[in-house]
Amino acid sequence: MATLENGDKKYTTLLNEIETGQIKIPQFQRQFVWELGLSARLIDSILKGYPIGTFIYWRTNERLRSVRNVGNIELPEPKDGEFVNYVLDGQQRITSLFAALKGETIERDNGKKEDYSKIYIDLNAEGDENIVIVDTEGKPEGATIRLTDLMFEKGKVIYNTYPEQYHDKIDQYKEIIQGYQFKGINLKHAEIDVATEVFTRLNVGGKDLSLFEIMVAKTYDPSRDFDLYDKFQELLEDLEPTKYDTISSANVLQLISLLISRECKRKTILKLDKSEFIDKWDDAVSGIKSSVDFFRSYGIPVSRLLPYNSLIVPFAYFFHYHPNNPTGEKLRLLIDFFWRVSIGFRYSSSVESKLVQDIDKMDKILKEEQPKYEWGVDYSPEFIRNRGYFGTGRSFIKAILCLYAMQKPKSFDNHLNVNIDNSWLKIATSKNYHHFFPKAYMRKNQPQWEGWQVNHIANITIVDGFLNKNKIRAKAPSNYMETFKNQNPQIDETMKTHLIGDLDMFGIWDNDYTSFYENRIKAISDELGKRVIDQKSDEPLEHYEDIEETEVVEN
């Protein structure tokens, strides 16, 4: 159980513990931001006897990823087994004190350097005037002394340098700082989740620490050269060429937790043994990369098309135990699982508990056994018609966009592959999402159709942005398609890669939106039907309007 104890420190003790690495700034603290003037005011408060607040430390012998260099000042690491005081509250003040009293130069993240030796004592200051200043312009010679000289220069040198009238005041100020009691509280016998909760409550103006930030601190192990933050960045860099570098850090943590304990709730992740976590890292990365290879070879070229980011977790679990490409019945069952999750709104709520259930399903698939699904899927034309309002953040729509991408869509004008990239898949208004019957055309020429029926997934094709913006624009389909028909002798084959079949039957030449709309919806339904293995649970989904599609994942 966590306990509190007195953590007051004298000047020499505070500086010594910082210099020897016994006081550390944990990684989840924000960067040092105080300017020179604020640091000077802190020393001014000490000289005037004002309270400067209480430092709160988490005292533990657990090693966290810390900001090794307080204010980018080189400091040693503590010895193995030694207790460390991680600063939960007071980082700006402690860094200011240390930098000012030692006269250090601090380099900011933007590269700017600030010299903390340029803090001075105004020996003529009286009453409410600032004793500690950063600008000596206009001050008489010998009436100001550097703070570092005050604290560390030999008395004989000071007495020979400064007028006798200031000697008593110099001695007085030095004694005040040396005798100042820096108030502190030590939090002891606390787990990391308790320590970070204390930190969050103390910093009520900031955002809560994410699970990933806590685990970065908790799993840091210099003896094994393991830094979770760096390892995760390396993973993203490795995935960047595959266009799957948008993977969530939370999903990586969930995967490792499932591999170790078959649970992945926040509380479980926080209690994972550091050594076991590090041991599983490479296995998890290997599973993730195999999953990415599978998704790409299956026809999903970029990560932003995945209906749920969390899909990476059960698939990485599968590939952890089955490193080779699946074939035959395993492949058929794996594909069925993908579509059931994608169009069944599986991870729209209670993701953690559902991931636990789904690794059980993966165990079945590994044995080539059909899992029992407790949720149904509906891909009927009626459901697609009513559920198809276009929005790139909706899982059901992203599933159909996956279906489109799997057709390897060709450009209307030349039958070349359309480039699909994460950078233009973020928003529904992207020029690469083409309304086959342009919205502006429909508003003007067929106003009887409601907006959601026009802005519908059945009216969306994936095209090159240049084509959409410069050649199609707001033209009638019969108009721009006539142009492309003359340019592209393979136009019929091109349109099949967009799930648009016979151009007459789809009403293209007559600008018949009803025929196009209904035939495209049927084509989508038929394609989904080829990928899902029928089960008794697949009854029509009623009350679909109540299904929430947003995936909530904590990073």
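Guide: This is a predicted model. Glutamate 374 has a relative accessible area of 48%, so glutamate 374 counts as partly exposed.

Visitor: Which residue does glutamate 374 meet in a salt bridge?

Guide: Its side chain meets that of arginine 346, at 3.4 Å from N to O. The pair links distant parts of the chain, 28 residues apart: glutamate 374 is in the loop between helix H15 (351-366) and helix H16 (381-387), and arginine 346 is in the loop between helix H14 (328-343) and H15.

Visitor: Is arginine 346 buried or exposed?

Guide: Arginine 346 counts as buried, at 4% relative accessibility. Arg346 and Glu374 also belong to a network of salt bridges with Asp358 and Lys361.

Visitor: How many salt bridges does a search of the whole structure find?

Guide: The search finds 25. One of them joins aspartate 44 to lysine 48, with the closest N and O atoms 2.9 Å apart. Aspartate 44 is buried at 6% relative accessibility, whereas lysine 48 is partly exposed at 22%.

Visitor: Turning to lysine 410, where does it lie?

Guide: Lysine 410 lies in the loop between helix H17 (395-406) and strand S14 (433-435). Lysine 410 is buried but has no salt bridge.

Visitor: Which side chain of opposite charge is nearest to lysine 410?

Guide: That is glutamate 493, 9.8 Å away.

Visitor: What polar contact does the side chain of lysine 410 make?

Guide: The side chain of lysine 410 makes a polar contact with the side chain of asparagine 417, at 2.6 Å.

Key: Residues numbered from 1 in each chain as written. Predicted model: local features only at pLDDT ≥ 70, side-chain atom pairs only at ≥ 80, totals over all residues. Heavy atoms only, no water. Helix = DSSP H or I, 4+ residues; strand = E, 2+ residues; numbered from the N terminus. Buried < 20%, exposed > 50% of the residue type's maximum accessible area, 1.4 Å probe, protein only. Lys, Arg positive; Asp, Glu negative; His and termini not counted. Salt bridge = Lys/Arg side-chain N within 4 Å of Asp/Glu carboxyl O. Polar contact = N/O pair within 3.5 Å; in protein donor to acceptor, adjacent residues only side chain to side chain.
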